[in-house]
Amino acid sequence: MPNFWSDPFGFLIQWFNNLLLGWGLPGGTVQFIAYVVGAFILVAGSLFFCLLLIWAERKIGGRVQDRLGPNRVGPFGLVQAVADMLKIFTKEFVTPDGVDKVVYNLAPIMSVAAVILLWAVIPFTITFYGNDLNVGVLYLVAVGGLADLSIVMAGWSSNNKFALLGAFRAVAQLISYEVPLVISLLLPVMLSGSMKLNEIVRAQDVPFIVTAPIAAAIFFISSIAENGRAPFDLMEAESEIVAGFNVEYSGLKFGFFFVGDFLHAFTIAMLFSVLFLGGWRGPGADQIPILGFVYMMIKTSIMYFLGLLVRFSLPRFRIDQMMNINWKMLTPIALGAVMATAFVDKATANVLATTTPVLGVILRTLILLVTNGMVLWVASDLMGSVLTRKERRVVALEARPVARPEPPAAPIEPTEGEVS
Amino acid sequence: MLSDWMYIGIFMLLSVFLPAVAIVIAGILGPKKPSPIKNSTYECGIETVGETWVQFKAQYYVYALVFLVFDVETIFLYPWALAYNQQTFFMVTEAILFILILLGGLIYAIRKGVLEWQ
Amino acid sequence: MIPLYWFLAFSIALFCIGLFGVLARKNAIAMLMGIELMLNAVNINLIAFWRYFFAGDAQLDPTRAFAFVAIVFVAAAAETAVGLALIISVYRRRTTVVANDMNLMKG
Amino acid sequence: MILQILFIIIAVVTLVSAIFVVTAHKLMHAALWLVLALFGVAVLFAFLEASFFAVVQVLVYIGAIAILVIFAVMLTRRVMDDSGPQLIKGWWVALVGVGALFVGLLAALGTWVGFQAGPGPSPDPALLTQLGSDLVDPTKYAIPFEVASILLLAALVGAIYIAADKKGGKE
């Protein structure tokens, strides 16, 4: 039985199980009930946690942009999100004519579910996690793919050409950035030899951000793109298209796309800290799991804050730039990083095996760091030539079909008689 | 292993069910006053022009295509990465060859210019 | 437990539905969807046999089924990619996706 | 017992959505039903304790192939709203033939003695790692592994060649 003070989550889980067993229920039923309760707490918890996230995001966004952010309702405007929630709950659902009812209503639910499902495998502490699936990392990627589907469904069922166009742009972006995401996730799996997220955390004696910095950076960038945040917020680029795939939604259905969005931003930070920053690892976290939770939340908050800084300070990419970044930079670099790491690590493994364990770890870390640096150096050399080769055509001076500029007047020769 | 999936299944049901309940509650709480104007398709306030189902460029299809190929690649690369620590040097070079072949496909796509947004 | 033949019967049913789709649909994309169903039926079959006879027995080389299914996945992906590309290409030239009207080879 | 009930529910849902795939009037609906059918198959993979393929099914089929199909449906949009019948004239011939095949296969299945086998012992969780080693093991599946990549490359190059806009062509 875990100690309550060192491991409240494990204690509560054990206590609950023992309580049910004490009532004389069979073991299978107890497990089932424990699963339902655990899943319910995680799902409902994540949904309500979103309220806090919305407040945090608005507050931090406000401070970044030299505003105050919400500050009227409650202390520091904390209750603002609750008030907004109440408001959105009492909004009317405007369902346009000609929508495909079932698909239309399913899409926002799916977009939230696709994010919440990620929480099922995240290890919060050594003992507190939904489920340590043995294909955890692939599960994360697979669930991410459901978001694409929800966007297609939303765009298509709205019976609106702007929604459809927005949906297709969004999906083109999402599926493009899923490629480097998937490839960069190979490196944690490779270095830890497991797809269980808890095992990956355990394997990070040296956090993977040190041994695989390129993968970490690519994961971070493509996650932001998956989330559809600035500077990759092409899917809701309100100055270019009519807000994207969700124009025909209203009330809470509209809100759910944003619930998914806000929650996703935090989930990304959690995943980053689990996969690359060592999750709950830290001094004393093995003995006192609650400390692990604190470490995890600190790391997550740092990443979350970083994501918000990126969001609120960078301008939007143009869509062709965005696609170029993905296909011509991130994907080849990610592939290159995987290949180089695999090659170098294997090539030096025999040599390192002859040294002492501690020295071996240090040397391996250094070698991998240098390898990553080399990959980046080679890549920047190659990419530089590829990326700069084709500039966008300058159309400013060419004749255009509409709004043709006046033919330039003949240059006025200065004549002798005129004095200006 | 089955119990793991049982949990994921329950989680999946709940993560669909709770938002659905929220939407139903919001539907009950909210007013319901539809009108033809309100329910018309949104098009910046003007009347809908043209057919709804516009045509798309083949561009989108190419992105999905490259994505599909790299997605299928994961079926092979993830088990390989999982077993990386137990492999010999030769086995790793095989996987690198695998990646190189796919990189060739990507380079073809880039050189062909189909990944360029037009 | 679930007997093996449930899975096999399910697989047969799925295969037949897919086959019906391939035979009876006019639209070429719909026919491809039927093929997807058939390939899925095959995969279910492979995995079911793997689970019931090979999974727990290291002597029988349990990864063989995995390698097999992985190849089926690749084949399905390649087939879909090329098939849909062909359909789009034909559609661009003939503005049709009805399989009967695709008679470019007739000359 | 619970497993059996769950299996029946999922099998029925999958088969019904498969039937909708081949009969749906709007092609987009057919594609969405296809997603549901594929998801049902993924759940059955999970039933068979092939976690890896359950996830890969969602990843590849739902995440990629279904999206590809939906894109293709959208690209060939103009004729999709044809109100004409989506089945060929002699569809009932196909139905009879397929029905005969179904019954025949079931009968053939019934004559096979091993069909009532219960599941063997649960697979080793380390099997996936084993697969990873075997895939690159020259004495096992190294050739299929490399051939798969070449097949993917060929599919990619071929499909891009076919689908990409010809230069100078009007589109």
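Student: What should I know about the model and its numbering?
Tutor: The model is predicted, so local features need pLDDT of at least 70 and side-chain atom pairs count only at pLDDT 80 or more, while totals for chains, interfaces and linings use all residues. Residues are numbered from 1 along each chain as its sequence is written, and chains are lettered from A and ligands numbered from 1 in the order in which they are written.

Student: OK. How many residues of chain C are in contact with chain D?
Tutor: 60 residues of chain C, against 68 residues of chain D. In contact means that the C-beta atoms, placed from the backbone, lie within 7 Å.

Student: Which element gives the largest share on the chain C side?
Tutor: α3(C), with 19 residues. The elements giving two or more residues there are α1 (4-24), α2 (28-54) and α3 (63-94) of chain C. Helices here are DSSP runs (H or I, at least four residues), numbered from the N terminus.

Student: And how do the residues on that side divide?
Tutor: Into 46 nonpolar, nine polar and five charged. Nonpolar covers Ala, Val, Leu, Ile, Met, Phe, Trp, Tyr, Cys and Pro; charged covers Asp, Glu, Lys and Arg; the others, Gly among them, are polar.

Student: Now chain B with chain A. What are the counts?
Tutor: 57 residues of chain B are in contact with 67 residues of chain A. On the chain B side, α1(B) gives the most, 20 residues. That side holds 41 nonpolar, ten polar and six charged residues.

Student: Back to chain C. At what angle do α1(C) and α2(C) cross?
Tutor: Roughly 165°, with the axes coming within 7 Å. Axes are lines fitted to C-alpha atoms, for helices over the stretch in contact, and angles run from 0 to 180 degrees between N-to-C directions. The two helices are therefore roughly antiparallel (angles over 145 degrees).

Student: Left-handed or right-handed?
Tutor: α1(C) passes α2(C) in a left-handed crossing, where the near helix is turned anticlockwise from the far one by less than a right angle; clockwise would be right-handed. Their contact has 19 nonpolar, six polar and no charged residues.

Student: How does α9(A) pass α10(A)?
Tutor: In a right-handed crossing. The axes of α9 (213-227) and α10 (251-275) of chain A come within 10 Å and cross at roughly 165°.

Student: Which residues of α9(A) meet α10(A)?
Tutor: A:Phe219, A:Phe220, A:Ser223 and A:Asn227.

Student: Last one: which domains does chain D have?
Tutor: The domain assignment gives domain 1 (1-80) and domain 2 (128-164) of chain D, with bounds from an automatic or database assignment. Their C-alpha centres lie 24 Å apart.

Conventions:
Two residues are in contact if their C-beta atoms, placed from the backbone, lie within 7 Å. Angles under 35 degrees count as roughly parallel, over 145 as roughly antiparallel, 65 to 115 as roughly perpendicular and the rest as oblique.
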